[in-house]
Amino acid sequence: MTHLLQGNWAIEAGTGYGQCIKFKEKLFEKQTPFQKIEIFETCELGKLLMLDGIIQLTSYDEFAYQEMMAHLPYYAHGNPEKVLVIGGGDGGVLRELARHPGIKTLDICEIDADVIDAAKKFLPELSCGYNDPRVNINIADGSCFIQKKPEYYDLIIVDSTDPGGPGAPLFTADFYANLKRALRPGGVAATQAESPWLLPDVVKQLLDASRSNFNFADYGAISVPTYPTGMIGVCIASDTKDVRTPAREVEPEIASQLRYYNSAIHRAAFAHPNFVQRLLQK
C-alpha cells in the first residue's frame with residue numbers, strides 16, 4: 001500500500017485504487033522502531049488512525065470492526081473466562097470485551113507501546129478499554145508470547161495490522177499452530193482476515209492455515225465503509241464448535257449497548273457471495 005498526502009487528503013492507495021479521507025489537521029506523527037503512527041482530525045469522520053500509511057480506523061465506523069472482532073468469537077465460544085488480544089493497541093477490542101462480566105482474565109499483547117500511548121492521548125473513546133481492572137498489558141511479540149502460554153486461554157483474538165511490517169508473523173500456518181497450543185479444550189481463535197475484494201490470496205492463505213490446524217474454521221464478513229473496498233473479515237476457528245452459530249444469544253443489557261453486532265448478524269456474516277464461497281473452498 002502507498003500512503004500519500006495531497007493537500008488535506010490522506011490517501012491509502014494500492015492495487016490500482018484506494019481510499020481518500022479529507023482532514024483538518026494532523027494531530028500526531030511518530031516513527032517507532034516498528035511502524036509509522038499518524039492520527040488525523042478529519043472533516044467528516046472524526047479521528048483517523050493510520051499505521052504505515054494504512055487506515056486502521058476512523059471514529060465514524062470503528063464500532064463495526066471492534067464489535068465484530070470481539071463479540072463474533074466471544075459468542076461463538078459462549079463463555080470464555082481467559083481471553084487474550086494480540087495487537088489491538090488502540091484498545092477498541094478490549095472496550096468491547098470488557099462489556100462481559102464473565103471474563104476473568106483479559107490480557108493484551110501489543111508489540112508497539114507507542115500505539116497504546118498515542119491511543120490513550122488521542123483516542124479516548126477506544127483506549128477506555130484499558131480502564132478495566134481485568135486488563136493486563138504485555139509489550140511483546142504476540143507470536144512469541146503465545147508460545148509461553150500452553151493451554152491457557154479460552155479465546156484468543158488477533159487484531160493485527162496488514163500482512164507486512166510487525167504483523168507479518170501473524171499470518172502463517174506456524175502461528176496458527178501456536179494459537180491452537182495456547183487454547184484450552186473448546187477454545188476459539190479469531191484473526192483479522194482482510195478483504196476478498198482487496199487481498200483474496202491472503203484471505204485464502206489464512207483460511208488454509210486455520211483449517212490445517214483446526215477442525216472448524218470460517219470467514220466472517222464485516223462492513224466498514226472507511227476501509228478500501230468497504231469490507232474486512234475475521235477468520236474464526238475452533239476444534240469443537242461450529243463458529244458460524246452463536247453458542248448463546250446476546251444478553252439484553254449488552255445488546256442495548258451495541259451498534260452493529262447481534263445474533264442475526266453473527267449468522268449472516270458467514271453467508272458469502274459465490275465468488276467468496278469458491279475462494280474459501282477447501
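Let me begin with Ile236: beyond its neighbours within four places in sequence, Ile236 is in contact (heavy atoms within 4.5 Å) with Leu72, Pro73, Ala76, Val188, Ala189, Ala190, Phe216, Ala217, Asp218, Val243 and Phe270.

This is a predicted model, in which local features need pLDDT of at least 70 and side-chain atom pairs count only at pLDDT 80 or more, while totals for chains, interfaces and linings use all residues. Residues are numbered from 1 along each chain as its sequence is written, and side-chain values use heavy atoms, without hydrogens and water.

Ile236, Leu97 and Ile222 touch the most other members of the largest nonpolar core, which has 47 residues. Such a core is a set of buried Ala, Val, Leu, Ile, Met, Phe, Trp, Tyr and Cys residues joined through side-chain atoms within 4.5 Å, buried being under 20% relative accessible area with a 1.4 Å probe, protein chains only. Helix H1 gives the most to this core, ten residues. Helices (H or I, at least four residues) and strands (E, at least two) are DSSP runs, numbered from the N terminus.

I turn now to the sheet. Seven strands form an open sheet with mixed pairing, in the order S9-S8-S7-S10-S11-S13-S12; pairing requires at least two DSSP bridges. Strands S9 (135-139) and S12 (216-223) stand at the edges with a single partner strand each, so one side of each lacks a neighbour in the sheet.

Within the sheet, S7 (residues 82-87) and S10 (residues 153-159) pair in the parallel sense over five bridges, and Gly87 stands opposite Asp159 in S10.

Key. Buried means under 20% relative accessible area, exposed over 50%, partly exposed in between (1.4 Å probe, protein chains only).
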